[in-house]
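Good morning, colleagues. I shall speak briefly about the spaces inside one structure, and then about its packing.

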Amino acid sequence: MRNVFVKAMPAGMLALAIIVNAGTATAQRTSAAQNVTSDNKQEEKIRILISKMTLREKTSLLHANSKFYVSGIRRLGIPEWALSDGPHGVRAEINRDNWAYAGWTNDSATCFPPGTALAATWNPQLAYAQGLVLGEEARYRKKDILLGPGINIIRSPLCGRNFEYMSEDPFLISKMAVAYIKALQSKDVAVSVKHWLANNQESHRDSIDVYMSERALREIYLPGFKASVMEGGAYTVMAAYNRFRGDWCSENDYLDRQVLRREFGFKGVLMTDWSAAHSTVKAALAGLDLEMGTDIKDYNEWYFANPLIKAVEEGKVPVSVLDEKVAHVLRVMSKTKMLDEGQREKGKMNTPEHRQAAYNSAAEAAVLLQNNGDLLPLYFDKIRSIAVIGDNATRKHCGGGLSSEIKALYEITPLQALQQKFGAAVKINYARGYEKQSTFKEGNNSGQSGAGKVDWQLIDEAVATARASDIAIIFGGLNHDFDTESFDKQNMDLPYGQEVLIREVAKANPNTVLVIIAGSPVGLAGIVHRVPSILWSWYGGMEAGNAVADLLSGKANPSGKLPFTLPVSLEQSPAHALGNFPGRDLKVNYEEDILVGYRWFDTKKIQPQFPFGYGLSYTHFSVTEFSTDKLDYGKDDTIRARFTIKNTGGVYGGEVVQLYASEPGCSVLRPEKELKAFEKVFLKPGETKTVEMQVKVSDLAFYDESKKGWNTGAGEYILRLGNSSRDIFREVKILVKPQDEVKRAPRGFDSLRTGIAHGKIDPVRYFSTTVGVERRALVYTPPGFSTNKKYPVLYLLHGLAGTEEEWPAMAPPQIILDNLYAEKKVEPMIVVMPNGRAMKDDRPGENKFDSAKVRAFSTFEQDLLKDLIPFIERKYPVYKDRGHRAIAGLSMGGGQSLNFGLGNPDTFAWIGAFSPAPNTKMPADLIPDPAGTKQHLKLLWISCGMDDNLMWVSQRMHDHLEKNGVLHIFYKEPGGHDFPVWKNDLYMFSQLLFKGL
């Protein structure tokens, strides 16, 4: 009986193993080697600094000493750490010991549109540009960490922080966040990705306990964070206020240790949100590094101050755990050049380029929802008068939203911009239309009560103004009494009687344009049939007015797309349809599971007001010739989808082409469609472009809870091309083929077979500079070996080695290798078998077969490889390409060879580890990935006997790798560690080794 499981390779891993050309490969190897050297120096410096610190000095780096600062250690050259709010701008200076503003006159910043607006651009290049500006201004302000981006999923239309949170779709969030992070951190400022995890409501945010399925967690709520850490390289992550499955996010071992640290390989700082710490020992052991904002006046009494010192002294928190936290802090300081200030970015503030970037984001974010009769754009040279109506025409929004409020250098309102641009030629009549009736009360939304009053006097004035004008423009929507941190909206209604206002103005003047200024969904069901044109312009930042004026006039062409589904009513939204917002008894169950946003609407066939990804333009586009490079794919392939797009209209414009995938025959519920790629294309009138999108087949997978891993099922998939989740104009069907089964060794494979050529064994001796003794190895070279040829090299560690004298008893490995070449299962390769048993000569008393001493052996093994690799490369011609070197750790403790390979990513791309040691208590002990290089792993093999006492350990390792997304094979066969298993291990591993996996 046997079971072979081949796991699809995670996104991005395959690219690491493909050498595009020799020049690129050389550059990559050189860069990787330089990075490894730099990282090694960094880690050594960190180790030395920690060794010089007292216990109190160590803890001083792990908690704030004021509202936004963390102590430094002057005598060791470690500076104070300065943090700042600011997902879309650097917040004005706060007093050190209270929340009042410090009153500086030089802390006005560039204010960008917030998260939903940024996501509405569907343009990662704009996210990158915004990140550069934020990084430059943070550095100019002497800030070291900027608290953003906010990337939580928009689960409900009511969440107060939706305006910061970008989107309901994890793929869109991931693409925008990664670009933002890379740019900002390139300016020597760390981001803090927030809020980890499931902070999808502000109601009871500091007490609510969130429950969701593992599949929903993996498919919806984790991907943005995973991409931010593993692709964006985020230096810090901020833990959320809420609980997750019973434990606070700041002390949640599953989230913080298992997922963030071990699976994502996060080596940076995990900090609390302000006042989100709840314990000392539990939080410390779970992986929290930095405590911020706790409501205790004496900073020395915070959880990570004196109580942490006491916990270490009493042995409740190991010193090693404390040192780990300090290392995380110092690592972030090192990466942002805080420990080498002379080499650090100096920063810039309020430059013309910064203002242009803010304008670009505002202009490109706007979504044209409706334009009946092509009322827009407005030709102001042909208009005598316009009515500008609404409080939002004159209201400034940069200073609201609580933690995201920005002291903007300036903020242009829509009325100001229209007056400045067109006031000399067009009569502009302003009427307030409605009055702000709400108030902001931190922590609760009671200030929204009574905001529905209809002020007929203001409406009558607006109607008269509209009737006397050629065009009426109503600026409606929300403000930061509704879109804000600390509470949720009471409903989706437009406040202040706006719906009545819009109805009456539209009756008086049919040429009415509605401009919505808001960061979260509002109800438009009673409005869409009353006005011909609706433009959603978000909170546009400091350049809001200029952007909207240019959009209305046609100087700028709307190209934004909705980053969320706009429902007809609140009851359509999944969390509300199922009665799971904001929860009961301080618990909320995400019963809608993976069907969030458009996944719910499209799967349940519910017609929204406007679908996800929707947005019109002043021009028109045609998309044709949609095809894929082939129709059948393996699970490790990449789909290359191509299409041709043409601007068939009369003006320059941009279109966002969106690629969705469906698996109609899946054995489990899957959404009707899921976004897998998008491209924003700008074209001149008549211009045509052919565009290619790439999607990894592995990215079509669903999270299989029964296997605790990702599953790309074989069968038919449908790729749909459109410009929203509902507007699909082309589709292609593809087939994902079943994974080729790995063949086991044929009968008689371990016997000498007549008529085949044999390789040879060369005993070699080399001197170990590591331990100062002579060592031995056995080198197998294939039949027909020539010193004039180059071959790949495979290092087989300890399990099949033995001394020269013992080799006759170990003859089967040579027979296996001879048979492999005879059957042409592998390309020619040199197999090096280090003499593991010679360890007795090097380290008396140590026996590698004593499972209790496997750890001691691992050090020997790594030293052995360090000496052996350069020796073999001098003696035998082998490829210097890492893609032609493999390590196979055959027998117990093989994971130590894996760690050596991971620690030397420029040397090894093929790594196999067989049979973990029986004393391995936790999977992470076998693969701790100390260098954070797990992404370099090409292939991992685990085997064990069905009745073997290692079965339990191997199963846990298999589960661990599933969660980590590591390509591996889990093989079971009767016989345990007997030769038949080794025979098949080597045979099957060799098949895969040179198949290009």
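**Pockets, cavities and cores**

Let me begin with the second largest pocket: 32 residues line it, and those nearest its centre are Arg205, Tyr241, Leu402, Glu442 and Glu485. On a 1 Å grid over the protein atoms alone, a pocket is an open set of points with protein on both sides within 12 Å along at least five of seven lines, a cavity is a set where a 1.4 Å probe fits but cannot get out, and lining residues have an atom within 4 Å of a point. This is a predicted model, in which local features need pLDDT of at least 70 and side-chain atom pairs count only at pLDDT 80 or more, while totals for chains, interfaces and linings use all residues. Residues are numbered from 1 along each chain as its sequence is written, and side-chain values use heavy atoms, with hydrogens and water left out.

The second largest pocket holds about 620 Å³ of space, where a volume is the space filled by probe spheres set on the points, and points are joined across faces, edges and corners. Its lining comprises 13 charged, 10 polar and nine nonpolar residues. Here Ala, Val, Leu, Ile, Met, Phe, Trp, Tyr, Cys and Pro count as nonpolar, Asp, Glu, Lys and Arg as charged, and the others, Gly among them, as polar.

I turn to the cavities. There are 13 cavities of 30 Å³ or more. The largest cavity has about 230 Å³ of space, and 29 residues line it, with Trp538, Tyr539, Gly540, Gly541 and Ala544 nearest its centre. Strand E15 (512-517) and helix H17 (544-553) each give two or more residues to that lining; helices (H or I, at least four residues) and strands (E, at least two) are DSSP runs, numbered from the N terminus. H17 gives the most, with four residues. By class, the lining of the largest cavity has 17 nonpolar, 10 polar and two charged residues.

What of the packing? The largest nonpolar core has 123 residues, of which Trp81, Leu83, Trp196 and Leu330 touch the most other members. Such a core is a set of buried Ala, Val, Leu, Ile, Met, Phe, Trp, Tyr and Cys residues joined through side-chain atoms within 4.5 Å, and buried means under 20% relative accessible area, exposed over 50%, partly exposed in between (1.4 Å probe, protein chains only).
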